[in-house]
Amino acid sequence: MRKEKYVRKTNETDISIELNVDGIGNSKVDTGIDFFNHMLDQLAKHSLMDLKIKAKGDITVDYHHTVEDVGICLGETLKRSLGDKKGINRYASALLPMDDALVQVAIDFSGRPYFFWDVKFPTSRVGNFDTELFSEFFQSFTMNAGITLHIKMIHGINSHHIGESIFKGVAQSIKNAISIDPRKLKIIPSTKGSL
C-alpha cells in the first residue's frame with residue numbers, strides 16, 4: 001500500500017495529512033473553510049485516494065495561507081507516497097463537464113514541476129471563498145508534488161461549477177496517472193530510468 005503521513009507547522013498554519021493513494025475515496029477533511037473542505041472531499045472521492053486533513057490556520061486574516069499550505073502539504077505527501085513511481089502510468093488527462101462548466105486537465109508525474117492555468121471565473125467569490133485561491137492551491141500543490149499540471153477552462157458560467165469541475169478533473173487525472181500498469185510493475189516510466 002502506498003501510504004504517507006505528513007505534518008507541517010508554521011506561524012500561520014498547523015497541518016496534518018494522511019494519504020493512501022490505493023484507497024477507495026474516503027475523506028475526512030477539516031480546514032476550517034467549508035467550501036475548501038467540499039473541494040478536497042471531491043478530490044479524494046474522484047481520485048479514489050483516502051485522505052485525512054486537519055488544518056488550523058489564520059483564517060480570521062483570510063483563507064490564503066491555509067489554502068496555499070494545504071496545497072504544499074498535499075503535494076509533498078503525494079510525492080512521498082509514490083516513491084520511485086515504478087509501474088505508474090505517469091500521464092493522464094480528463095475533459096470534465098459539470099453542467100455549464102467544461103474543464104480540460106492534463107498531468108504528468110514527471111518530477112519536474114510546471115503549472116499552467118487558463119481559467120477565468122465570472123465572479124470573484126464562491127460564497128466567501130476567493131476564486132483566486134483555486135490557482136494558488138494548485139500552484140503550491142504542483143510545485144511540491146513535482147508534477148506538470150495544465151488546467152484550461154473550455155466553458156463556464158457558474159463559478160461553483162467551474163471550481164468543482166477543476167477539482168474533479170484533477171482527481172480523475174491523478175487516479176489514472178498513478179494507477180499501476182501490471183505490465184511494468186518494476187519499470188520506472190521514463191527512458192532516463194528515474195523520475
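Predicted model: local features only at pLDDT ≥ 70, side-chain atom pairs only at ≥ 80, totals over all residues.
Residues are numbered from 1 along each chain as its sequence is written, and side-chain values use heavy atoms, leaving out hydrogens and water.

I then found that Glu76 forms a salt bridge with Arg80, with the closest N and O atoms 2.8 Å apart (a salt bridge is a side-chain nitrogen of Lys or Arg within 4 Å of a carboxyl oxygen of Asp or Glu). Because Arg80 and Glu76 lie four residues apart in helix α2, about one helical turn separates them (helices are DSSP runs of H or I with at least four residues, strands runs of E with at least two, numbered from the N terminus). Arg80 counts as partly exposed, at 41% relative accessibility, and I noted that Glu76, Lys79 and Arg80 are linked in a network of salt bridges.

Next I turned to helix α2 itself, where 15 of the 19 residues are buried, so the rest of the structure largely encloses the helix. Just after α2, I saw that Gly83 takes a positive phi of about 55 degrees.

Finally I looked up Asp108, which forms a salt bridge with Arg90 at 2.6 Å between the closest N and O atoms. This pair links distant parts of the chain, with Asp108 in strand β6 and Arg90 in the loop between α2 and β5, 18 residues apart.

Notes:
Buried < 20%, exposed > 50% of the residue type's maximum accessible area, 1.4 Å probe, protein only.
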